[in-house]
Amino acid sequence: MSELTNAKIEGSKIPVEDIKNPDLTAAIETMQTEGTKENIDAMVEEVFKAKFILPAKVTPVTKAVTEHGRTIMQQSTQMQFKLIQNGNKEMFFAIFTDIEELNKWKGTEADSKVVTDFDSVASMVMDPKANVAGFVINPFGKSVAFPKGMVHSIKQLRDFAKIDGNKIEPGAKVQLGDPEEYPIDLMAALINHFTTEPNVNAAFLRLLKQEDGRQSYFIVVDFVGNMQETFDAIKKVADPLLDEDIDLTMMPYSIEFASNAVRGVQPFYTKQR
C-alpha cells in the first residue's frame with residue numbers, strides 16, 4: 001500500500017541506470033547474517049556513501065510572483081514521493097540501491113526516478129510536514145529500515161562533525177557541573193530566542209571544565225532542522241553576554257555524550273505544546 005506526499009529533496013544528475021551499490025548490498029547481507037555492532041556500523045557507513053533511486057511524480061507548476069511591482073509567471077516543478085506501509089500501518093519512504101530493486105515495486109514503471117543520498121532523505125524524514133516513520137532500503141528485497149529516531153540521531157551526529165570549532169576533543173578529560181553563578185541575563189536572552197524557534201524542543205545548561213582550565217557554558221539543545229543555522233543563531237544571541245574567561249559549547253541532545261551530561265537535569269527551556 002502506498003500514497004503520495006509533497007516533499008523537497010536535493011537531486012543528482014547521475015543517470016539512474018548508473019546507480020549501483022554492490023558494497024552496500026553486500027554490507028546489508030553481511031549484517032543480516034551476523035548482526036554485530038561492527039557489521040551494523042559498516043553497513044551504515046556504506047549508506048552514507050551510497051546514491052539511491054527514489055520514485056517520484058513530477059508535476060509542472062505555474063505561479064504568479066510579484067517583483068518590483070510587476071507580476072510575472074514562474075515555472076517550477078512539484079515532486080511527490082510514494083510511501084510504503086509496514087505491518088503497523090506506519091509510513092516510510094522507500095529508496096532503492098539500483099534499478100532492478102526499484103522494478104520490484106509494481107506500479108512505479110511510469111514514475112520519474114530521482115537520484116538522491118542519505119542526507120537528503122534524512123532531511124525529508126525529519127520534516128514534520130512529511131509525517132513519516134522513517135525510510136526503508138530495498139523493501140522488496142534484502143531490506144533494512146531506518147526508523148525516524150535512528151535517522152535523527154545519525155543525521156545530527158554527521159552534521160555536528162562538520163561544524164568548525166565548538167568541539168570536545170576525543171579522549172579529552174572534562175568535568176561537568178552547574179555554574180557557580182547562574183548566568184541570568186544569558187538564560188533570559190536564550191529563552192526569549194527559543195520562543196521564536198519552533199524547531200527547538202528543549203535546552204539544558206551545564207558548566208564544562210577542560211584539562212587546560214578553560215571553562216564554557218555547555219548548552220545541550222533538543223531540536224530538529226538545520227544544525228548550523230540553529231547553533232549560529234544561539235551563538236549570535238549568547239556572544240554579547242559571555243564573559244572573557246568563559247566560552248560557549250553546544251551539542252545536540254541526540255548525541256550520547258550530551259544526553260548523558262544532562263541526565264537528571266531540568267531544562268532551562270521547554271517548548272510550550
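Reader: Which hand does the crossing have where H6 passes H7, left-handed or right-handed?

Author: A crossing is left-handed if the near helix is turned anticlockwise from the far one by less than a right angle, and right-handed if clockwise. Here H6 passes H7 in a right-handed crossing. This is a predicted model, in which local features need pLDDT of at least 70 and side-chain atom pairs count only at pLDDT 80 or more, while totals for chains, interfaces and linings use all residues. Residues are numbered from 1 along each chain as its sequence is written, and side-chain values use heavy atoms, with hydrogens and water left out.

Reader: At what angle do H6 and H7 pack?

Author: Helices here are DSSP runs (H or I, at least four residues), numbered from the N terminus. An axis is a line fitted to C-alpha atoms over the stretch in contact, and angles run from 0 to 180 degrees between N-to-C directions. Helix H6 (residues 184-194) and helix H7 (residues 227-238) pack at about 140°, their axes 9 Å apart. That makes H6 oblique to H7 (under 35 degrees is roughly parallel, over 145 roughly antiparallel, 65 to 115 roughly perpendicular, the rest oblique).

Reader: Which residues make that contact?

Author: Contact means heavy atoms within 4.5 Å. From H6 come Leu186, Ala189, Leu190, His193 and Phe194, meeting Ala233, Ile234, Val237 and Ala238 of H7. In the contact of H6 with H7, 8 residues are nonpolar, 1 is polar and none is charged (nonpolar: Ala, Val, Leu, Ile, Met, Phe, Trp, Tyr, Cys and Pro; charged: Asp, Glu, Lys and Arg; polar: the others, Gly among them).

Reader: How do H4 and H5 cross?

Author: Their axes come within 10 Å and cross at roughly 125°; H4 and H5 are therefore oblique to each other. H4 passes H5 in a left-handed crossing. Among the contact residues are Phe118, Asp119 and Ala122 of H4 and Lys148, Val151 and Arg158 of H5. By class, this contact of H4 with H5 has 6 nonpolar, 2 polar and 5 charged residues.

Reader: And what of H1 and H2?

Author: The axes of helix H1 (residues 22-33) and helix H2 (residues 37-49) come within 9 Å, crossing at roughly 160°. That makes H1 roughly antiparallel to H2. The crossing of H1 and H2 is left-handed.

Reader: Which helix gives the most to the lining of the largest pocket?

Author: On a 1 Å grid over the protein atoms alone, a pocket is an open set of points where a 1.4 Å probe fits, with protein on both sides within 12 Å along at least five of seven lines; lining residues have an atom within 4 Å of a point. H7 gives the most, with 5 residues. About 500 Å³ of space lies in the largest pocket (the space filled by probe spheres set on the points, which are joined across faces, edges and corners). Of its 19 lining residues, the closest to the centre are Ser123, Val224, Gly225, Asn226 and Met227. By class, the lining has 6 nonpolar, 6 polar and 7 charged residues.

Note on methods: Helices (H or I, at least four residues) and strands (E, at least two) are DSSP runs, numbered from the N terminus.
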